[in-house]
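Reader: Could you walk me through a couple of helix pairs in this one? I'm new to it, so please take it slowly.

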Amino acid sequence: MSLESLADKVLLPGFEEPDPPDWLRRAAPGLGGVVLYGQNLLADTDAARLATLLHAESDVVLAVDEEGGDVTRLHYRNGSPTPGNYVLGAVDDPALTAAVAARIGAGLREAGVGWNLAPDVDVNSAPENPVIGVRSFGASTGVVSRNGAAWIRALQATGVAACAKHFPGHGDTVADSHHGLPVVALSEREWRDVHLPPFVAAIEAGVDSIMTAHVVVNALDPAPATMSRRLLTDVLRGELGYDGVVVTDALDMGAIRDSVGEPAGAVAALAAGADALCLGAVGGEGLYRRVRAAIVAAVDDGSLARARLEQAADRVEALRQRIRAGGGVPADPVPWHSPHSDTGPSLEAARRAVRSEGLRGPLSAPPVVVELRGSPNLAVGEAYWDLAGPLEARGSAPRAVHRLSDADPHAIDAVLAAARGVPLVVVGRDVARDTWQRAAWETLRGARPDSVLVELGLPRPDVLTEGQRVFVGGAGRPNLQVAAEQLTAAGH
């Protein structure tokens, strides 16, 4: 096999257009897979449409980030129908977690997607973490370990490959690896006690793939984990005995792009022990060709052993074969019989996880809703969320919806004028962590002490200590429905 063909087998490129460009369609039969991103999916049916198009030409494996809740690709334009990990960890019922994951898997199989780059099994030990937050099952190692394992088993039972991420752990960071290189100040003992066990549990659950993190844990290796032989080969392979696919986080992220660059990062990741290289969506054909050329050149000059590239290609091909042999999805992969609810596991989880503080009663009249639209991290993107629709479904359609993208006092004055004499509901994501959102909420609450905050981000009642507050732990559709229930029938 030519070096170019071997290189293709370990590459997972993306594309920026709504439809796969010609270069990708030509390359697809030989690729390790193709990753679909939010910008490719303009409707909830687009994943199935793209899968039908690409699978008519080859058996290429399609991959997505479908974590549920905030991080969704199949439902990017309409909001996820399942809650994310924070809600599942807050409830801490592995059977419920499994039921939610099974429904995600069934949806992916129906859409023709065989590889889910989820779940996130980071222990979110830093509340100010800008990129993990509600994507994590929580700050408890035990909660993350048992719910992560349940999620993986249930997803893979549907024939979809899972991916535990982000090894060796992205939960203790206060920087976003999409924009820079986070450095984790942990001792090796702290890492082994807190952040390693969820990956051990994932391996024991038979996880098909593990994704690397673009982070430095100085106590383990001064190199980023994606390029660390100690972590990927000595620890993951040698110590933990993992023989599945190790896939990198996207190489176009700032942590790699702005340091060594994507081509050099790809070669270093392979040399360290990674098998599949996620390239990201930005850059398209140019990035794909540069990375492939760098791999070929590295084998030619001896800086990357051909045997290492062949080993990586073999692991990816073995996973592709398992995905292709996955078979159909049972009508109800995990039968759900709940003592609490007859509405299904997603809504039950959201209802059991919601937390209200200081809520005085249901809205007295249709409200004015203020949406604080902060800039989401790139993992979340511009995935849809909406509170007005769920309020309308509860018979309390807002009189008006105002969207604020900054803390401009004139915009806040206009909101207060519009809401004079009617209830005021403020909804935002990570209000506790985002300086301008928090300032906007405090200004609105100061002028209207009866206003209600709906926090979609990581619940922080220790920071947001005043006023009427509803913490729903995510921006999926069940989260917003439960918020509307809390506002229209206090104590639901």
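Reader: How do α7 and α9 lie relative to each other, and why would you call them that?

Author: Keeping in mind that this is a predicted model, helix α7, residues 188–195, packs with helix α9, residues 229–239, at an angle of about 55°, and their axes are 16 Å apart. Since angles from 65 to 115 degrees count as roughly perpendicular and those under 35 degrees as roughly parallel, α7 and α9 are therefore oblique to each other.

Reader: Okay, and which hand does the crossing of α7 and α9 have?

Author: The crossing in which α7 passes α9 is right-handed. On the α7 side the contact is made by Glu 188, Trp 191 and Arg 192, while α9 brings in Arg 230, Leu 231, Val 235 and Glu 239.

Reader: What classes of residue are in that contact of α7 with α9?

Author: Sorted by class, the contact has 3 nonpolar and 4 charged residues, with no polar ones.

Reader: Switching topic, at what angle do α14 and α18 pack?

Author: Helix α14 (residues 345–353) and helix α18 (residues 477–488) pack at about 50°, with 9 Å between their axes. They are therefore oblique to each other, and α14 passes α18 in a right-handed crossing.

Reader: Which residues meet there, in α14 and in α18?

Author: From α14 there are Ser 346, Leu 347, Ala 350 and Arg 351, and these meet Pro 478, Asn 479, Gln 481, Val 482 and Glu 485 of α18. By class, this contact of α14 with α18 has 4 nonpolar, 3 polar and 2 charged residues.

Conventions
Residues numbered from 1 in each chain as written. Predicted model: local features only at pLDDT ≥ 70, side-chain atom pairs only at ≥ 80, totals over all residues. Heavy atoms only, no water. Axes fitted to C-alpha atoms, helices over the stretch in contact; angles between N-to-C directions. Helix = DSSP H or I, 4+ residues; strand = E, 2+ residues; numbered from the N terminus. Parallel < 35°, antiparallel > 145°, perpendicular 65-115°, else oblique. Left-handed = near helix turned anticlockwise from the far one by under 90°. Contact = heavy atoms within 4.5 Å. Nonpolar A, V, L, I, M, F, W, Y, C, P; charged D, E, K, R; others polar.
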